Amino acid sequence: MGKNLLKYIQQYKSNAIKIFLLVSKNIEGYNCIIHKNYTYGRDELPHNIDVLIHMGAFSPKSNESLDCVDNVAENIMTTNYLLENLSCLPTKIIFISSISVYNSKNDDLIDETTQTKPDTMYGASKLFCEKIIESFCKKNNIDYQIFRSGVLYGPEDPQMWIIPTVIKNIRENKNPVVFNGGNELKSFVNVSDCSRVIYQSLFKKIDDKIINIVSDQNISIKTLIDILIKISGKNLMIENIINEKIYHNTIYNNNLLVKNYDGIKIDYYEGLKEAYESYK
């Protein structure tokens, strides 16, 4: 997401916007502040920050890593360290959280009023970070925006969730697999849509402090795979495996997103085609 957001800002930003990156290694063309194991000196940061975008966090790349205590604890510690070591108080803080703060076994329509009840350590860490951000901003009279990002997809996704995994299998001429028919409904968000919303939030002050960046366009896993096979032009078949696991729908109401920002623009075929072709 970070690289995609930088491309988006560079494409649309005014020359008046100056970007500083707090990163683990230098990125050519940017003002970079290199942290060492997420630590740095207060005097290393800019002394005039208008907007702080905090999206640096441990990101799970498999189901097993969702409950890795050491990794998810870093989310909390690094968020707290960042706020305690700011060289100045920003005008606004934008925090990228996750829909993992909701329960993944909830088949009901999810919106911002849905109870936060994470069923993974990763989701719990994101929720805790939200509370840290909220408390800090209220205490210091700072505007803030918390985005709970949906499941992202897009070009060159390094993570091995459903879409990158299916693309990898198709490119290797392996039949994609679904479980129990693959009829469960999911919602995915293209990383460019997410970047556009974050960019818009730089210039907006709104009353809805927590907003889900999600799509209301639901798609079954089987349909998603059918689209990717069609994009590939290959003669592959979906293999159906029956097991005893219960697969849940994950669907959203994104009225708050549409009310305050542009909503989701990229349709599944367009987004999946770009993702598939990026792996060439």
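In the predicted model, Y261 is in contact with Q145, F147, V197, Q200, S201, K204, I206 and I211, its neighbours within four places in sequence being left aside. Y261 is also, with F147, I198 and I213, one of the residues with the most contacts inside the largest nonpolar core, which has 22 residues. At least two residues of this core come from each of α1 (2-12), β1 (20-23), β4 (92-98), α5 (191-201) and β10 (210-213). In soluble globular proteins, nonpolar side chains tend to be buried together.

Strand β5 spans residues 143-149 and is largely enclosed by the rest of the structure, because 7 of its 7 residues are buried. In a regular strand the side chains alternate between the two faces of the sheet. In β5, D143, Q145, F147 and S149 point one way, whereas Y144, I146 and R148 point the other way, and all are buried. Strands β4 and β5 run parallel and are joined by 7 bridges; F95 has I146 of β5 as its bridge partner.

E112 lies in the loop between β4 and α3 (121-139). This residue is buried but forms no salt bridge, and R148, the nearest side chain of opposite charge, is 7.2 Å away. The side chain of E112 instead reaches the backbone nitrogen of N212, at 2.8 Å. Beyond its neighbours within four places in sequence, E112 is in contact with Y102, R148, I210, I211, N212, N253 and L256.

Terms used:
Residues numbered from 1 in each chain as written. Predicted model: local features only at pLDDT ≥ 70, side-chain atom pairs only at ≥ 80, totals over all residues. Heavy atoms only, no water. Core = buried A, V, L, I, M, F, W, Y, C linked by side-chain atoms within 4.5 Å. Buried < 20%, exposed > 50% of the residue type's maximum accessible area, 1.4 Å probe, protein only. Helix = DSSP H or I, 4+ residues; strand = E, 2+ residues; numbered from the N terminus. Contact = heavy atoms within 4.5 Å. Lys, Arg positive; Asp, Glu negative; His and termini not counted. Salt bridge = Lys/Arg side-chain N within 4 Å of Asp/Glu carboxyl O. Polar contact = N/O pair within 3.5 Å; in protein donor to acceptor, adjacent residues only side chain to side chain. Pairing = 2+ DSSP bridges.
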